[in-house]
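Keep the view open while you read.

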Amino acid sequence: MTSSMQSIDLDQGSPQGSGQPAGLRATALRRLRRDPVAIFAFSLLVLLVLAALFGGPLAAHLTGHGPNQQFPNALASDSQPLGVMQRTYYPNGTVHNPHGSLFILGADELGRDVLVRVLYGARISLLVATSATAIAVVIGITLGLLAGYLGGWVDAVVNRMTETAMAFPNLLLAVGLAVVVGPGLLNVVIIIALFTWYYPARIVRGTTIATKQMTYVAAARTVGARPRRILLVHLLPQVWGPLLVYATSIIANNIIFEAGLSYLGVGVPPPTASWGQMLSDAVTSGMYQTDITLALAPGLALVLTMLAFNLLGDSLRDALTPGGR
Amino acid sequence: MRTVILKRLGGALIQVIAITVFAWLLFYVISKFTGANPAQRIAGKSATAQEIAEVARIYGLNKPYWQQYLIFMDHLIHGNFGFSYVQMRPVSQILWPATRATASLVLGAAVIWLCIAAPIGAYGGMHPRSAGDVTGRAIAILGMSIPVFWLAPMISYFFGYEPTQGKILGLPILHQGTTIFPIVGYVDFGQNPVQWAYHLILPWITLAIGFAAVYIRFIRTLTAEQLAEDYTRTAKAKGASTARVLLRHVGRNIAPTVTVLLGADVATALTGVFFVETVFAIPGLGYTGLSAIENLDYPVITGVIILCALIAVLLNTIVDLLHAALDPRLRRITGQ
Amino acid sequence: MTALKARRHWAKAGVALTAAIPLLIAACGGSSGSSSGGSSNSSTNSGPPKAGVATGTLTAAMSSGAIDTMDPNAWYFAVTWGLANGLCTTLIRYADQPGTAGTELVPGIASMPTVSSNGLTYTYTLRPGARFSDGQPITPADVKYTYERLMAPAVDSGTGYYFLGLVGAPNYLAGKSTSLPGITTTSNTITFHLTAPDGAFLYKTALPTTCPVPTGTPMKPITDGSLEEKYASGPFKLQSYAPGRQIVMVFNKNYDQSLGVRGHVAKIVFSIGVQSTQAQEEIQAGQLDFQTSNLATADILKISHDPALASQVHTSPRPSITYLFLNNEVPPFNNVDVRKAINYAINRTEILQQWGGPLAGSVTNNIIPAGQLDYKPFSIYPDTPNLAEAKKYMAESGVKTPINTVLRTQNDAPGFMNMAQVIQANLKPLGINVQVVGSPNSVNGSYIGNYKARVPMGIEPWSLDFPDGEAIINTGFDPATPNAIPNLTRFGDKAFIAPFNKAITLQGTARVQAYQQLDYELMAQQAPVAPIFNPRWYDFVSARLGGYVYSEAMDAINYNTLYVKG
């Protein structure tokens, strides 16, 4: 949640994507196609998206367990939940099911299917992270373009604003805000966006400044093109490249942010499955000590997702750097 | 040079003012509208409207906002962060030991993550695409992908608790009751330096892993960049050993950048820190802030936020100035 | 800062249980020790030390929200009442016995009072040996001053209104007068004059908030622990208090053992801020002696499966009930048929599962907790859902479904959020869509206690302030004051006003029967709440801890009987 985002500042120095010739994009794609790591990361992400879209309902259909469905008989009388690959023969209370109702990754302490919840959790993670990133990007682009293009005091103000905003302990503030504002999916998305807009803003500002100095922009000015045209036609397209590269980092950051908020109990409200929430349930109740799967399943899901985004981000950056690694 | 310093300090000052205004607004003004206004909290729950008004008068809570803010700033400058009505003592008394605890945690972890990251990153930069480099990068990317709020309980469980049950990673190979690391707890440095370090080992490692991963990558990139520069090739051509080149030239050149990042990271480390603090029962700023939020202790929340933000601004300013001082080439480029 | 002043509740209940003390030692009168239910063995290896001899140090953990205040006339949380039991000796006090025997009253700094025949005058005679920890004797003037202080509006104690029946109390409590003619003193007696008989008055003079303080103590909250350092009146005094960090209690040499043989440990050190699971790990590792919070379900599971730990486990009943309150003023819960439907629909057994299962409590239909004298079990509603019956009542209610409503509960203890989710699932088939809103305990408390917030429903635990039906029925359901903070259900059925007022004045068997009757009638006729279970105290302590007694009256561990074994 921290240093990886600082690297965005660091790389401002290297002219990636600013005023890149069209040929670089084609080269980039070619490089990506040949890079085994990129392919691996991309496939992982595709799997993730598929899991988010279809995995949950598929698993629910196959096992007969909804993501929020509680099966009291998946708990022993002393509240020990079923473990991996165990089954209950009375899933619906009194009716005996001769095949038994299988819990592939076991059950959690409310008797819900862990595997189904992990798959549904992918939805929440992706949904919240991408929407929050989208909002943050919109805010960031607006401020970044304005600051970079207009320069002068506007730039100074926006710059100071972003630096100041970045200085706040964002998780603490987010938790405080969430406690005041209350739970809810929309609230979580907005809060996350509020604490992430500065990253796209800095990137866009940097790119705008670099592009502004390009001759063709000066040419457009001389010809008398209106500022809005310059912004939209010349500057905005240049911004997408670097934004895309860092979008992966930002989305990854927000996945962790949402998980962290859910872990602290101020994220997505129950009973919706969220990886952070599942982890929080397992850890704060100590259940993970009797059944480590409860912590491993959401934890590994998070690690794999982060891994995919980080690897992809790396490959994108390498591919877009002129001259190669 | 002087203009750079002045400009930077001026910027810092503006940031400080912005931070205090924002924090003050958030918790003294907005709280009035959420029905938990300060006068009421001070007066107590069964207070009548008249009593609340009296309290507001005594504490100056019904003065115009700009006046209240100035009084608040005046107190702040003199080190008075306000008074906590939940704990019934000055906020500064609560914050100071908490700051020491968090500083112990973050600074110690910083030392560890630098010591791990520097050699691995440098090796990777020196020998790109070698087996060592690939391993280093793999470790780094894995380390970056592990959330700290998952890592902390896992480490606490496997290395703190399991040994006391005679197991390592589930295998019963130790005596029952062996204590390798304490499970929780914090000992002040002043009380017992050895115990202080002993209790912080697991938390340091937990915090360091994520950052080490990122720094391995930075240092690798920076080293590779420096080694590709002309001056290193010249130095090598002149017969300098790789080690000498590394330490004298490369090290000195990447030090400013690393310092900037370090400053920024130490400031932002507070985010991940409080997961570690909660799991290992370290009474630091993150933990204090979280408890204060749970108890709606507004002065402490405000105090923690302002303190964290001020530390961040301070560190960033120092680091920026150092950067400018150490690296003359960049002084002109970072001109603001 | 208690959110709800008029009843005790657990700040961080459900997360950790402190290690239970394995043996019970009778502390006053020296009767033989008996084990408290559960799987403890009564080992008598070294036995309790002799009277007045206190040796050894015990270490304990406390959660960070466990202390509300250290002002001895204002404290209210169960953990602070546990401390109070060791730091103070009230006029009369509870016996240091396990179980129901521990709810009997015995002399404290005064002997049992003489009560006038009309029940309006209680006279207590101070015993010799009643002293503060600085050596000064406790005088009747001090006692009167203590009551004036606890009832002073400036001190804002949560128990002041229990003494509303004293002559002159209403004006004093409202701040309209500064004198309390209802308490008179002589050189060695204190007399309380009531305006109406009060069958529970004896219990009220054993409340921890009546902890004696010297005359002249400032009439404003003193929360730094200085009063307990200098003027403790119990077997222990406070040595140091670092808020949020540590509490250290040491044996009080100036406590006169003739008042009752209590206190066998030289020092108890509490570390504040340790999470319950970590504390339980430390106890298992031998690094800690006990903790003051509940054990999480997972920890109960783990410990109960390990036979080697059986000797360190103690279970005790608690004067407590966990219930789902329904706001009788907010639709649809203002409809009695809906409330009854809910009582038929919730799965009490499964909700208890989330708290820890049968080891951690037992389901109930009663409002008054099991184990009380005035508890008479009845069974109107089932332990597991009777959906048919529930739907029938919903149909009879005439309320249109689907209904969207909100359930508020604390989320700094995992048990509550899980229990809320079970209820969420239970009410869905009735067409009631419940949104669960969890917030930290103090935030949650400020919402549910405020009648203006119109919170529709919530899960709350309630511990009785003293072992009598009045402490839950009158305190929690007074129909004359539906807007009172503790009346979470906003119960205001006027037909019950007269029986409520009558019950307070009764004594003896008549009182017991009256409260049993009220309990049943409330649930059968109006069902203002859905009682779920009575939690048990499942405790896990270190092997070297002896003399374990759980005080039912205080709903906390009794520190006066502890000793260090070996």
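Which residues in helix 3 of chain A meet helix 4 of chain A? This model is predicted, and the sections below take it piece by piece.

## Two helices in chain A

On the helix 3 side of chain A, the residues are A:Leu48, A:Val49, A:Ala51, A:Ala52, A:Gly55, A:Gly56, A:Ala59, A:Ala60 and A:Thr63. They meet A:Leu115, A:Val116, A:Leu119, A:Tyr120, A:Ala122, A:Arg123 and A:Leu126 in helix 4 of chain A. Sorted by class, this contact has 12 nonpolar, 3 polar and 1 charged residues.

Two packed helices are described by the angle between their axes and the distance between the axes. Helix 3 of chain A covers residues 36-63, and helix 4 of chain A covers residues 114-150. Their axes come within 8 Å and cross at roughly 150°. An angle over 145 degrees counts as roughly antiparallel. Helix 3 and helix 4 of chain A are therefore roughly antiparallel to each other. Their crossing is left-handed.

## Where chain B touches chain A

Now look between chains. Here 39 residues of chain B are in contact with 35 residues of chain A. Several helices of chain B give two or more residues to this side, including helix 1 (2-33), helix 8 (193-228) and helix 10 (242-268). Helix 13 (298-326) of chain B is also one of them. Helix 13 of chain B gives the most, with 7 residues.

What classes do the residues on this side of chain B divide into? There are 29 nonpolar, 9 polar and 1 charged.

## An open sheet in chain C

Chain C has an open sheet of 5 strands. Their order is 8-9-10-1-11, and the pairing is mixed. Strand 8 (236-242) and strand 11 (290-291) of chain C are the edge strands. Each of these two pairs on one side only.

Strand 1 (residues 57-62) and strand 11 of chain C run parallel, joined by 2 bridges. In one pairing, C:Ala60 has C:Phe290 in strand 11 of chain C as its bridge partner. Helix 1 (residues 78-87) of chain C packs on this sheet. This helix touches strand 1, strand 8 and strand 9 (246-251) of chain C. Its direction makes about 135° with that of strand 8 of chain C.

Strand 15 (residues 403-410) of chain C runs parallel to strand 16 (residues 432-439) of chain C, and 8 bridges join them. C:Asn404 has C:Asn433 as its bridge partner in strand 16 of chain C.

Strand 15 of chain C also runs parallel to strand 17 (residues 457-463) of chain C, with 2 bridges between them. Here the bridge partner of C:Leu407 is C:Met457.

Terms used:
Residues are numbered from 1 along each chain as its sequence is written. Chains are lettered from A and ligands numbered from 1 in the order in which they are written. This is a predicted model: local features need pLDDT of at least 70, side-chain atom pairs count only at pLDDT 80 or more; totals for chains, interfaces and linings use all residues. Axes are lines fitted to C-alpha atoms, for helices over the stretch in contact, and angles run from 0 to 180 degrees between N-to-C directions. Helices (H or I, at least four residues) and strands (E, at least two) are DSSP runs, numbered from the N terminus. Angles under 35 degrees count as roughly parallel, over 145 as roughly antiparallel, 65 to 115 as roughly perpendicular and the rest as oblique. A crossing is left-handed if the near helix is turned anticlockwise from the far one by less than a right angle, and right-handed if clockwise. Two residues are in contact if their C-beta atoms, placed from the backbone, lie within 7 Å. Ala, Val, Leu, Ile, Met, Phe, Trp, Tyr, Cys and Pro count as nonpolar, Asp, Glu, Lys and Arg as charged, and the others, Gly among them, as polar. Two strands pair if DSSP finds at least two bridges between them.
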